[in-house]
Amino acid sequence: MTARDVIAQALALSEAATDGPWVASLNDDDSDYAVWADDAGSDIILAEREADALLAAAARTLLPAFAKALGDVLDMHSEIETFEADPANGTWLYDENGEKRPLPSICRHCTPDDTLLEVEECNWDDGMETVRYPCPTRAAITAALSEVTP
Ligand SMILES: [Zn+2]
């Protein structure tokens with residue numbers, strides 16, 4: 001499951017659940033902790049431990065916020081394909097099959113803006129500062145989300 005799959009599933013689960021916010025409180029008979037919402041009609045979850053009820057209630061609000069934030073960060077740290085350029089002519093270099101010669105991809109967010117501009121104009125070389133894709137930020141998010149299944 002990719003990081004995008006995990007994020008999409010978290011958002012889908014959040015959309016399908018009873019609207020938030022959810023609140024956790026001790027039941028009237030002191031037997032269990034209930035998680036409830038104004039629109040639920042009845043308790044959503046019963047838990048023996050207060051900490052479990054508090055987590056469930058908080059997750060209703062936090063999960064979609066975290067998922068959206070991680071998706072936004074992944075969007076920012078997106079891939080830019082790069083190719084060997086001929087800065088003297090402002091063109092890409094092509095191989096014998098007429099294909100551009102690929103170089104390692106770079107991160108759109110982490111690579112300096114002046115380098116990105118030069119890449120767009122086919123006017124860059126390997127000596128310019130770049131951050132390879134996936135950058136450490138994207139790699140950290142994808143590694144963490146590769147280990148979970150919502
Ligand atoms: Zn990055």
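What we have here is a predicted model, in which local features need pLDDT of at least 70 and side-chain atom pairs count only at pLDDT 80 or more, while totals for chains, interfaces and linings use all residues. Residues are numbered from 1 along each chain as its sequence is written.

Strand E2, residues 33–36, is joined to E3 by 3 bridges, and the two run antiparallel; strands here are DSSP runs of E, at least two residues, and helices runs of H or I, at least four, numbered from the N terminus. The open sheet has 3 strands in the order E1-E2-E3 with antiparallel pairing, where pairing requires that DSSP finds at least two bridges between two strands. Strand E1 (23–26) and strand E3 (45–47) stand at the edges, each with a single partner strand, so one side of each is left without a neighbour in the sheet.

Turning to the helices, H2 (residues 50–76) lies across E1, E2 and E3, running at about 5° to E2, with axes fitted to C-alpha atoms, for helices over the stretch in contact, and angles from 0 to 180 degrees between N-to-C directions. Contact means that C-beta atoms, placed from the backbone, lie within 7 Å.

The axes of H1 (residues 3–16) and H2 come within 9 Å and cross at roughly 150°, and the two helices are therefore roughly antiparallel to each other, a description used for angles over 145 degrees. Among the residues that meet in this contact are Ile-7 and Leu-11 in H1, and Leu-63 and Leu-70 in H2.

Terms used
Two residues are in contact if their C-beta atoms, placed from the backbone, lie within 7 Å. Angles under 35 degrees count as roughly parallel, over 145 as roughly antiparallel, 65 to 115 as roughly perpendicular and the rest as oblique.
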